[in-house]
Each structure stands twice: as structure tokens, then as C-alpha cells.
Amino acid sequence: MTKPRSSDLGVLRFRYLGAHEVEELADLWGALHQQHTVTAPHLSDIISTVTMDESWRRRRAQYIDWLADPDTMAILAENGDDLAGYTMVTVRENTHGSWDRGERVAVVQTFAIDPEYTGTEVGSKLLEEVRRQLAGMGVRDIEFSALATASEDIRFLEREGFRPFVTTMVCRVDGFGAHD
């Protein structure tokens with residue numbers, strides 16, 4: 001299959017999935033899982049990877065749990081019969097701190113684009129749909145995590161108006177290093 005071009009996309013269709021439909025996302029999750037393991041090999045000494053099947057089993061269960069909340073959105077982007085990408089977005093209460101972010105904040109839990117659709121604006125159109133829905137719900141801010149080594153993903157998010165906010169660091173409890 002040749003990669004579709006932006007002008008070939010036409011109108012994407014967005015379909016909102018319920019918990020009974022999450023199995024449709026398995027292949028797109030598999031591509032994202034593969035991308036994660038390739039993009040973050042520097043974590044292998046502190047975080048063990050799991051097989052794609054185990055990864056999907058865990059994520060599928062999480063999706064079903066999240067979708068029990070009526071504010072959670074599972075949005076599938078379709079180009080004809082092709083599954084071009086999807087996102088899973090939850091909404092949480094905002095604990096007020098140093099910034100005014102509103103009463104509730106959206107969290108993009110998963111954002112997966114079929115590798116064949118890279119560079120075709122599917123991601124931008126999917127984010128546009130998310131923003132439209134969240135604005136209708138009165139949500140002002142979106143949190144979107146990206147692997148620190150995923151420079152293409154970070155550049156995409158910056159083009160979409162996102163800015164770095166919090167850096168998450170990880171280590172094993174029995175890790176080594178300076179102890180203050």
C-alpha cells in the first residue's frame with residue numbers, strides 16, 4: 001500500500017467508540033506499542049517491556065474502565081474503510097495549584113496514528129475534533145504526554161500549540177545514585 005497524501009484524504013470520518021468496540025483498536029495499539037519500544041530503548045535498564053499481546057491486554061482493560069465514565073472519549077479516525085488513527089481522552093477534576101486551568105482538565109491517554117498515515121494531517125484533524133468536543137464540555141486545558149526521545153511527536157505537539165509543562169522522571173525504587 002502506498003502512503004496516502006494529504007490531498008488524498010478527503011473528509012475523515014470520526015466514530016465514537018463504546019467499551020464494546022475497543023477491540024477495533026488492537027492493531028493501531030500494536031503499532032504504537034512497537035513505536036514506544038523502538039523510541040525509548042534508554043529505559044530498558046529500569047523499565048521492563050512487555051509483549052504486544054500483554055500490552056494490549058492491559059490497555060484494553062484500561063480502556064474499558066475509562067469508558068465507564070461518560071466524559072471519556074474514544075475517537076476513531078477513518079479514511080474510507082481504513083482505520084487511520086484514534087485517541088482515548090479522559091477528563092479529570094483539576095487540583096488547583098499555581099496555575100488557573102479550570103475545574104476539569106482533559107488527558108490524552110492514547111494518541112495513535114497508523115504509520116501509513118504519518119504526514120497526512122490525520123493527527124491534526126483528530127486533535128481538532130478532540131478540541132471541538134472538549135470546548136463543548138467546558139474543558140479548557142489538555143494534557144498530552146510524549147516520550148522524551150520522541151522528537152517528531154514533540155515537534156508535532158508544538159506545532160499544534162502544546163508547550164512543555166512537567167517533566168516526568170522515572171527510576172526503580174532500588175535504583176542507585178545520589179541520596180540527599
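In the largest nonpolar core of this predicted model, which has 22 residues, those that touch the most other members are F111, V130, L134, I142 and F144. A nonpolar core is here a set of buried Ala, Val, Leu, Ile, Met, Phe, Trp, Tyr and Cys residues joined through side-chain atoms within 4.5 Å, where buried means under 20% relative accessible area, exposed over 50% and partly exposed in between, with a 1.4 Å probe and protein chains only. At least two residues of this core are supplied by each of β2, β3, β4 (104–113), α3 (122–136), β5 and α4 (151–159), and α3 gives the largest share, five residues. Helices (H or I, at least four residues) and strands (E, at least two) are DSSP runs numbered from the N terminus. In soluble globular proteins, nonpolar side chains tend to be buried together.

If neighbours within four places in sequence are left aside, F111 is in contact (heavy atoms within 4.5 Å) with L32, Y86, T87, G123, L126, L127, F144 and F156. Another core, of 16 residues, lies apart from the largest one and has W29, L32, W56 and L67 among its members.

The five strands form an open sheet with mixed pairing, in the order β1-β2-β3-β4-β5, two strands being counted as paired if DSSP finds at least two bridges between them. β1 (13–16) and β5 (141–144) are the edge strands, each of which pairs on one side only. Strands β2 (residues 73–79) and β3 (residues 82–93) run antiparallel and are joined by seven bridges; A74 has M88 as its bridge partner in β3.

Helix α1 (residues 26–39) has 14 residues, which at 1.5 Å a residue should span 20 Å, and this agrees with its end C-alpha atoms, which are 20 Å apart; the expected span is 1.5 Å times one less than the number of residues. Within α1, the buried residues are A26, L28, W29, G30, L32, H33 and T39, and their cover includes α2 (52–66), β2, β3 and β4. Helix α2 contains Q62, which counts as partly exposed because its relative accessibility is 28%. Although Q62 and H36 are 26 residues apart along the chain, their C-alpha atoms are separated by 18 Å.

Residues are numbered from 1 along each chain as its sequence is written, and side-chain values use heavy atoms, with hydrogens and water left out. As the model is predicted, local features need pLDDT of at least 70 and side-chain atom pairs count only at pLDDT 80 or more, whereas totals for chains, interfaces and linings use all residues.
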